[in-house]
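Subject: Model handover and notes

Hello,

Here is the model for your files. Please look it over before you read my notes.

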Amino acid sequence: MPLSPRAKLGLWVGLILFVVVPWSNPQDHTHWSQVQWVPSVTSPRVALDAVANVLVYVPFGYWFAQQTSPGRGRVWRAVMFAAALSLVTEWSQIYSHRRSPSMRDLLCNVLGAWWGAWRARRGGGASPGAPR
């Protein structure tokens, strides 16, 4: 039996939280100096990271829009929930020595969710990651 869009979304959110939140060795103090406030692309590695952030949130936006009632607002609801999820995960990185939160990540995550929700609204065919 195939999973519903809501179940896929729940699993995907769990995967995002598992991968992005620094679960080991949390600090009791913040590292505001590590925050990258101005989005920029300074190297090929950073560009690849930006593309990966967009692509990780495409399924989130797609499945969020699929499980939401039809209408124009479902794309923006997906964007808002993606922004909230991304903000929480980036915020958690402020308490880590090993992670660097950035506005670029947040913006790329929101862009990916918008793209996925837009595809779902337009009847984007197979879900992200499905064989064609």
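Below are the conventions, then the findings by region.

This is a predicted model: local features need pLDDT of at least 70, side-chain atom pairs count only at pLDDT 80 or more, and totals for chains, interfaces and linings use all residues. Residues are numbered from 1 along each chain as its sequence is written, and side-chain values use heavy atoms, with hydrogens and water left out.

Overall picture

The protein chain has four helices and zero strands. Helices here are DSSP runs of H or I with at least four residues, strands are runs of E with at least two, and both are numbered from the N terminus. The order from the N terminus is α-α-α-α. Of the 132 residues, 39% count as buried. Buried means under 20% relative accessible area, exposed means over 50%, and partly exposed is in between (1.4 Å probe, protein chains only). The accessible surface comes to about 8,100 Å². Carbon and sulfur atoms hold 67% of that surface. Areas come from the Shrake-Rupley method with a 1.4 Å probe; for residues, only the protein chains shown count as cover.

Contact means heavy atoms within 4.5 Å. Among contacts in the protein chain with a separation of 6 or more, 80% are between residues 24 or more positions apart.

Helix α1

Helix α1 covers residues 5-20, 16 residues in total. From first C-alpha to last it reaches 22 Å, close to the 22 Å expected at 1.5 Å a residue. The expected span is 1.5 Å times one less than the number of residues. Its buried residues are L9, I16 and V20. Seen down the axis of α1, they fall within an arc of 25 degrees, so they line one face of the helix. The arc is taken over the directions from the helix axis to the C-beta atoms. These buried residues pack against α2 and α3 (73-92). The face turned away from the buried side carries the exposed residues L11 and F18.

Helix α3

T89 lies in helix α3. T89 is buried, at 1% relative accessible area. Beyond its neighbours within four places in sequence, T89 is in contact with L17, V20, V21 and Y57. T89 and L17 are 72 residues apart in sequence, yet 7.0 Å apart in space, C-alpha to C-alpha.

E90 is also in α3. Its relative accessibility is 6%, so E90 counts as buried. Leaving out residues up to four places away in sequence, E90 touches S100, P101, S102, D105 and N109.

The loop between α1 and α2

P26 sits in this loop. P26 is exposed, at 57% relative accessible area. P26 and I94 are 68 residues apart in sequence and 9.4 Å apart in space, C-alpha to C-alpha.

Nonpolar patch

Which residues form the nonpolar patch on the surface? They are V51, L55, W76, L111, W114, W115 and W118, with about 720 Å² of accessible area together. Patch residues have over 30% relative accessible area and no salt bridge; like charges are joined within 9 Å, nonpolar side chains (Val, Leu, Ile, Met, Phe, Trp, Tyr) within 5 Å. A salt bridge is a side-chain nitrogen of Lys or Arg within 4 Å of a carboxyl oxygen of Asp or Glu.

Helices α2 (44-67) and α4 (103-121) each supply at least two of the patch residues. α4 gives the most, with four. L55 belongs to α2. L55 is partly exposed, at 48% relative accessible area.

Best wishes
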